[in-house]
Amino acid sequence: MAKEMIAMLLAGGQGSRLYTLTQKLAKPAVPFGGKYRIIDFPLSNCVNSGIDTVGILTQYQPLVLNEYIGNGQPWDLDRLHGGVHVLPPYQKSTGSDWYKGTANAIYQNMNFIERYDPEYVIILSGDQICKQDYSDFLRFHKEKGAEFSVAVMEVPWEEASRFGLMVTDENDKITEFQEKPKEPKSNLASMGIYIFNWNILKQYLIEDENDPNSENDFGKNVIPNLLRDNRDMYAYRFDGYWKDVGTISSLWEANMEVLDPENSGINLFDEDWRIYSRNSGMTGHRIGQGAELENSMITDGCSIEGAVKHSILFAGVKVEKGAVIEDAVIMGGSTIKEGAQVKHCIIAENVVIEKNAVVGAMPEGDEKGVATVGSNIIVGEGAVIGPNAMVSEDVKGGDKVW
Amino acid sequence: MVNSNADSAMGILFPNSYDSLVPELVTERLMASIPFASRYRLVDFLLSSMVNCGIDNISLIVRKNYHSLMDHLGSGREWDLTRKVGGLNIVPPFAQKTVNVYNGRVEAIASIIAYLKRQKEKYVIMADTNIVVNFDFSALLQQHIDSGADVTIAYVKEEIPEGLLDIDMTKKDLYYTLEMNESGRVEKIIVNDKDKGVKNVSMNIYVIDRELLIEQIQESYVNGRTYFERDIISPQLDKLNVQGYQHEGYYARITSGKSYFQENMKMLEEKNVEELFAHSPIYTKIRDDNPTRYMAGAHAKNVMAADGCVIEGEVENSILFRGVKVKKGAKVRNCVLMQDTVIETGATVEYTITDKNVTVSSYKELKGTESFPVFVEKRKTV
């Protein structure tokens with residue numbers, strides 16, 4: 001049974017600029033927005049767009065991700081024909097290779113795609129926060145009679161040189177591709193989301209693989225080759241919310257934007273485009289007698305006795321009496337003990353902040369650092385973690401980390 | 001097979017038992033699907049307890065208003081009951097020439113006797129769904145096997161709940177208290193005991209050998225007996241070795257609208273929640289709500305809330321189910337608000353239970369009392 005379009009989701013990203021947060025898990029598995037992980041966004045987009053076959057290409061620290069995806073049931077991707085498949089690099093008769101680049105990852109799984117005999121393949125990135133209707137993207141691709149389309153975002157001209165840019169004519173046909181140019185000719189940045197006609201993709205993947213000098217990357221190699229051959233290439237403009245949460249500060253910022261859907265453009269509360277996630281299975285959250293809550297998101301299993309202001313708490317977070325949380329992202333299972341102050345920071349999963357410890361600080365002047373505490377860390381009684389600190393080892397009581 | 005059927009059990013639940021005690025809550029549902037503790041339905045507790053104790057062949061014999069239960073349970077996936085062998089088995093009444101829904105447990109079980117005969121489990125565990133408990137069925141089964149009993153009845157030591165004392169004898173719900181000798185053997189079963197004081201009140205959880213159950217039901221059915229406890233167990237206490245099993249952990253029994261309200265309110269105490277949920281997880285249907293939002297100006301004190309709520313007003317001493325909205329200036333005190341209730345701007349609600357999809361209009365006041373909470377029916381706008 002042929003599928004019209006299947007998705008290949010690149011989820012091998014190490015997310016090295018998230019440092020301690022991605023020491024034990026791949027970037028797509030990083031928790032986001034109270035009860036989600038980053039990968040929930042592309043997966044939910046697929047299901048909501050009517051794509052029921054998704055190959056997830058993993059490589060770096062796949063354990064958490066594999067377990068999280070499981071059989072794909074939370075996203076309704078447990079299907080008899082199709083569904084979600086995790087595709088790590090594997091051994092072939094000709095040897096085994098790690099995925100050398102984004103294009104090589106797809107190349108190594110051409111057999112997987114072949115099984116579904118699709119007309120189109122959409123290549124997705126597993127590390128962006130974005131709600132996007134891929135069926136509208138496909139409609140555009142078909143209307144243009146394209147062989148290749150790329151989703152692009154308009155970015156401010158002064159930032160354009162940080163991106164891969166598509167130069168287009170008045171029909172959105174791509175005439176030139178500039179990778180992080182000094183003098184940008186366009187402000188249409190590639191989102192790293194592509195639709196290919198499968199026969200074209202296949203042809204260029206094989207060509208790319210046979211080129212010993214290639215870095216096997218879509219942006220660096222495959223797209224320039226398509227341009228060289230004057231293929232029908234179009235840029236699809238997307239104007240919704242899109243964020244590559246590649247750094248601590250952008251991850252923190254995106255979380256804060258979730259708290260302000262009216263202005264930020266990222267609305268997780270839209271019932272027509274739900275984001276699905278694996279459920280924690282915990283009981284409803286509890287708000288105690290002395291708790292104060294404002295502008296915050298709280299989910300199952302939380303127990304709040306202290307003050308929580310403008311923060312996102314994941315499942316099972318405990319905030320004891322007298323603790324103060326502000327502008328913070330606190331991931332699942334962490335405990336903030338009595339009198340602790342946790343501000344303007346990211347606390348990873350299963351962290352314990354002991355009594356009266358201080359983590360991070362509200363911005364003052366130019367000081368806007370987002371303090372970060374890695375998973376399973378204990379920050380001892382009365383310890384102080386500075387606003388720029390990155391904590392990946394236990395901190396003894398009374399110690400100061402800057 | 002690793003697990004021989006030598007000591008395994010199958011479950012039978014009776015989702016309609018005691019429906020008549022909570023008429024307002026079951027107009028469009030049955031006891032088993034009454035919402036409880038912000039995100040569960042009553043059936044979740046026994047179902048999850050059974051699954052957690054390795055019982056994965058569970059039949060629910062329903063008699064009426066079971067659409068909400070079917071919707072809740074689906075294929076049983078959330079309870080890990082989508083099995084090739086066993087799993088979830090919902091048995092609706094079998095319509096013959098005239099639709100004849102059964103009375104009492106004997107008829108109910110008689111309706112699945114052919115099915116029971118085909119099963120492989122040695123034991124059957126039966127229970128009603130008006131109790132909230134994280135029950136250790138393994139311990140119950142172990143005691144049943146060790147004591148060599150024919151039937152084991154789980155009970156709690158407590159005063160007879162108010163709701164049961166008021167029971168209307170003309171309706172078909174009975175309750176039972178047990179008298180046991182020092183070895184735990186039940187010597188007397190008292191039906192609808194009205195005496196004061198702490199009693200051994202049956203939880204209506206029974207273990208019995210499957211073969212024995214089939215034999216007893218067949219005989220009783222032919223003779224027109226209806227109640228398992230009153231007509232089968234009680235008259236044969238000399239012949240059958242009936243043992244009591246005392247449950248000592250947290251448990252709640254829903255016996256009236258008032259007790260429904262009170263038992264929900266008990267979930268506001270951390271200690272109770274810990275006791276109820278610590279033993280093992282309770283599963284329920286997933287709705288994929290986003291986390292609950294507390295907006296600027298929200299005040300919340302002593303609240304249990306599920307996901308998907310938006311709180312802009314004041315909430316105190318209340319249980320909020322999924323998707324409840326409390327708008328600006330609204331005041332909610334001592335309430336149980338079921339799924340998707342909306343309390344509009346400036347409204348005040350106290351001691352009120354709202355069923356699903358209720359809307360309380362702007363600046364409306366609804367005030368009940370602790371002993372008589374106001375109840376607002378499903379989908380009503382007040």
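**Two chains, inside and out**

Biologist: How much of chain A, with its 402 residues, counts as buried?
Modeller: This is a predicted model, where local features need pLDDT of at least 70, side-chain atom pairs count only at pLDDT 80 or more, and totals for chains, interfaces and linings use all residues, while side-chain values use heavy atoms, leaving out hydrogens and water. Residues are numbered from 1 along each chain as its sequence is written, and chains are lettered from A and ligands numbered from 1 in the order in which they are written. Buried means under 20% relative accessible area, exposed over 50%, and partly exposed in between (1.4 Å probe, protein chains only). Of the 402 residues of chain A, the buried share is 58%.

Biologist: And what share of the 382 residues of chain B is buried?
Modeller: The C-alpha atoms of chain B fill a box of roughly 65 × 50 × 45 Å along the principal axes. Within chain B, the share of the 382 residues that counts as buried is 60%.

Biologist: What is the radius of gyration of chain A?
Modeller: Chain A has nine helices and 32 strands (DSSP runs numbered from the N terminus: H or I of at least four residues for helices, E of at least two for strands). For 402 residues, the globule rule gives 21 Å, and chain A comes close to that, so it is as compact as a globular protein of that length. The rule is 2.2 Å times the number of residues to the power 0.38, with the radius taken over C-alpha atoms. For chain A the radius of gyration is 22 Å.

Biologist: What radius of gyration does chain B have?
Modeller: Chain B holds ten helices and 26 strands. A compact globule with 382 residues would have a radius near 21 Å, and chain B agrees with this, at 21 Å.

Biologist: Which residue of Ser49(A)'s contacts is a Trp?
Modeller: Ser49(A) lies in the loop between α1 (40-48) and β4 (53-57) of chain A, and it counts as buried because its relative accessible area is 12%. Leaving out residues up to four places away in sequence, Ser49(A) touches (heavy atoms within 4.5 Å) Gln132(A), Asp133(A), Tyr134(A) and Ser135(A), plus Trp273(A).

Biologist: How far apart are the C-alpha atoms of Ser49(A) and Asn350(A)?
Modeller: Asn350(A) sits in the loop between β25 (341-347) and β26 (352-353) of chain A. It has a positive phi near 55 degrees, though it is not a glycine. Along the chain, Ser49(A) and Asn350(A) are 301 residues apart, and their C-alpha atoms are separated by 35 Å.

Biologist: Is Asn317(B) buried or exposed?
Modeller: Asn317(B) is in strand β17 (residues 314-320) of chain B, and it too is a residue other than glycine with a positive phi, about 45 degrees. Its relative accessible area is 19%, so Asn317(B) is buried.

Biologist: How many of the eleven residues of helix α1 of chain B are buried?
Modeller: Helix α1 of chain B covers residues 42-52 and is largely enclosed by the rest of the structure. Among its buried residues are Leu42(B), Phe45(B), Leu46(B) and Met50(B). After α1(B) comes Gly54(B), with a positive phi near 80 degrees. As for the count of buried residues among the eleven, it is ten.
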